[in-house]
Amino acid sequence: MIYSAICAYYCGVSFIKSEQIGAILHLTLNRPEKKNAITQDMYQELATQINNAAGDFGIRVVVLSSTGDSFTAGNDINDFANNPQMSEGSPVFNFLFAIHNFPKPLIAAVKGRAVGIGTTMLMHCDLVTANSDTKFSMPFVSLGLVAEGGSSYLFPRLVGHAKASEIFLTGRTFSAEEALQMGLINSISDDELSAAMAFAQEISEQPPNAVINTKALLKSSAHEALNQVIRAEGELFRMATESDEAQIAFMNFLTKKSKVK
């Protein structure tokens with residue numbers, strides 16, 4: 001596959017790599033030493049890049065991927081424990097609304113661990129490819145928190161109430177094969193990024209207005225309702241981060257993490 005107009009640069013403080021390949025914008029989480037745990041700065045950089053892509057006629061598809069052995073370990077616990085920003089206008093909200101409102105196709109290539117937001121953001125993607133080693137989890141309850149990113153609305157619609165309750169209330173991990181059966185991902189591949197880029201290339205060659213209008217129609221029935229759910233989840237999430245049980249859960253998590261090291 002031949003690509004043109006290749007450019008790459010690193011946003012040093014935010015650990016986001018950006019590369020335009022023809023009409024495809026490839027955004028890479030690039031903090032492998034921390035399993036790509038996402039900080040506030042990273043959220044804001046992702047939001048800015050995606051919002052800019054929305055208004056750039058030269059970009060027709062955005063692909064999200066990661067370096068290292070994991071997609072993302074979720075929120076950086078230290079960053080959020082010390083500075084929990086979940087109000088509207090915060091970097092996290094800016095990212096969530098950016099992916100929710102992005103008018104063009106959004107594709108993710110996932111491998112290794114996809115924890116918390118690493119799984120919930122996939123529900124806003126139009127296509128997702130995953131490596132067979134991928135492990136998905138949304139351990140919000142285990143950390144004294146609540147579901148975020150519109151997942152309390154999107155996940156039950158995708159898998160049904162019973163399965164959504166099982167996953168959310170236990171916080172258990174599930175495999176790529178189970179995610180495929182659920183409809184959370186489109187395909188499993190030994191080279192998930194190549195598979196995602198192949199999807200992106202094919203879509204980028206379609207008439208762009210037809211693609212945008214079709215995506216808008218697919219999302220139209222739930223779009224505004226999801227805006228309200230994201231706001232409500234954000235407020236409950238913010239309140240939860242300030243609770244004693246969440247603080248205890250964070251401390252237990254960090255203690256276990258330090259022992260493993």
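A residue counts as buried when its relative accessible area is under 20%, as exposed when it is over 50%, and as partly exposed in between, using a 1.4 Å probe and protein chains only. This is a predicted model, so local features need pLDDT of at least 70 and side-chain atom pairs count only at pLDDT 80 or more, while totals for chains, interfaces and linings use all residues. Residues are numbered from 1 along each chain as its sequence is written, and side-chain values use heavy atoms, with hydrogens and water left out.

**The whole protein**

- The protein has 11 helices and 10 strands; these are DSSP runs numbered from the N terminus, with helices (H or I) of at least four residues and strands (E) of at least two.
- Of its 261 residues, 51% are buried.
- Contact means heavy atoms within 4.5 Å. Among contacts between residues at least 6 apart in sequence, 70% join residues at least 24 apart.

- In helix α6 (residues 161-170), the buried residues are A164, I167 and F168.
- Seen down the axis of α6, these buried residues fall within an arc of 90°, so they line one face of the helix; the arc is that of the directions from the helix axis to the C-beta atoms.
- An α-helix has 3.6 residues a turn, so residues three or four places apart point the same way.
- On the other side of α6, A162 and L169 are exposed.
- The cover over the buried residues of α6 includes α5, β9 (174-175) and α7 (176-182).
- After α6 comes G171, with a positive phi near 70°.

**How α5 meets α10**

- Helix α5 (residues 151-159) and helix α10 (residues 223-241) pack at about 125°, with axes 8 Å apart. Axes are lines fitted to C-alpha atoms, for helices over the stretch in contact, and angles run from 0 to 180 degrees between N-to-C directions.
- The two helices α5 and α10 are therefore oblique to each other; under 35 degrees is roughly parallel, over 145 roughly antiparallel, 65 to 115 roughly perpendicular, and the rest oblique.
- S151, S152, Y153 and L154 of α5 make the contact with A225, L226, V229 and E233 of α10.

**Nonpolar cores**

- A nonpolar core is a set of buried Ala, Val, Leu, Ile, Met, Phe, Trp, Tyr and Cys residues joined through side-chain atoms within 4.5 Å.
- In the largest core, of 60 residues, V62, F95, V110, M121, L122, F136 and F155 touch the most other members.
- Helix α3 (residues 91-101) gives this core its largest share, 7 residues.
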